[in-house]
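Let's take a walk through this structure together, one stop at a time. Have the sequence and the 3D view ready.

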Amino acid sequence: MRQKENGSLFLDSDDCWQLDKLDKQLCVAQTEGAAFIFTGVSYMNEDGVPFDYKHSVPSKVGYHQLLRNNVIACSSVLLKHAFLIEDKMARDDMSEDYALWLTILKKKSDCSVFGQ
């Protein structure tokens with residue numbers, strides 16, 4: 001994502017970000033020219049105590065890989081805003097984010113998707 005382009009972020013009401021998440025993603029967007037960036041996720045209980053498990057992600061993912069397994073957590077995404085003008089996230093009870101990621105990657109085969 002070029003510096004003057006707008007990005008969109010997603011944050012579910014029951015999720016939170018690490019303090020440096022956005023700075024790290026913006027750095028990748030600028031240095032790599034990435035238009036779609038996602039991160040791994042960690043889990044915690046309602047008291048904020050982290051669990052030992054961390055969901056790691058691959059450094060890059062494409063459409064066919066994502067078809068096999070959704071490795072992209074919605075609240076971890078930084079996405080070029082123009083993608084959301086073309087394709088909206090459906091209002092659905094399940095997997096609307098996954099459907100959007102697949103739609104974007106299918107249309108934008110040249111889109112680099114970076115995981116951290």
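Is Asp20 buried, partly exposed or exposed? Asp20 is partly exposed, because its relative accessible area is 32%, which falls between the 20% limit for buried and the 50% limit for exposed. Please keep in mind from the start that you are looking at a predicted model.

Lys24 forms a salt bridge with Asp20, and their closest N and O atoms lie 3.2 Å apart. Lys24 is partly exposed too, since its relative accessibility is 45%. Once you have found this pair, you have seen the one salt bridge that the structure holds.

Now let's move on to Ser75, in the loop between α2 and β5. Ser75 counts as buried because its relative accessibility is 9%, under the cut-off of 20%. Which side chain does Ser75 meet in a polar contact? It is that of Asp15, and the contact spans 2.6 Å. Asp15 is also on the list of residues that Ser75 touches once neighbours within four places in sequence are left aside; the others on that list are Phe10, Leu11, Asp12, Trp17 and Lys21.

Leu79 has a relative accessible area of 0%, so it is buried. Look around Leu79 for Ala35: the two are 44 residues apart in sequence, yet their C-alpha atoms are 5.8 Å apart in space.

Next, let's come out to the surface. Here Tyr43, Phe51 and Tyr53 form a nonpolar patch, and together they have about 350 Å² of accessible area. One of these residues, Tyr53, sits in strand β4, which covers residues 50-55. Tyr53 is exposed because its relative accessible area is 51%, over the 50% cut-off.

Finally, how far can you trust what you see? The mean pLDDT of the protein chain is 81, and 85% of its residues reach 70 or more. Among the elements of the chain, helix α2 (residues 63-68) has the highest mean pLDDT, at 90. At the other end comes strand β6 (residues 113-115), with the lowest mean, 62. Where pLDDT is low, the predicted coordinates should not be read in detail.

Note on methods
Residues are numbered from 1 along each chain as its sequence is written. This is a predicted model: local features need pLDDT of at least 70, side-chain atom pairs count only at pLDDT 80 or more; totals for chains, interfaces and linings use all residues. Side-chain values use heavy atoms; hydrogens and water are left out. A salt bridge is a side-chain nitrogen of Lys or Arg within 4 Å of a carboxyl oxygen of Asp or Glu. Buried means under 20% relative accessible area, exposed over 50%, partly exposed in between (1.4 Å probe, protein chains only). pLDDT is the predictor's confidence in each residue, from 0 to 100. Helices (H or I, at least four residues) and strands (E, at least two) are DSSP runs, numbered from the N terminus. Patches are made of residues with over 30% relative accessible area and no salt bridge: like charges are joined within 9 Å, nonpolar side chains (Val, Leu, Ile, Met, Phe, Trp, Tyr) within 5 Å. Accessible areas come from the Shrake-Rupley method with a 1.4 Å probe; for residues, only the protein chains shown count as cover. A polar contact is a pair of N or O atoms within 3.5 Å; within protein, one must be able to donate a hydrogen and the other to accept it, and residues adjacent in sequence count only if both atoms are side-chain atoms. Contact means heavy atoms within 4.5 Å.
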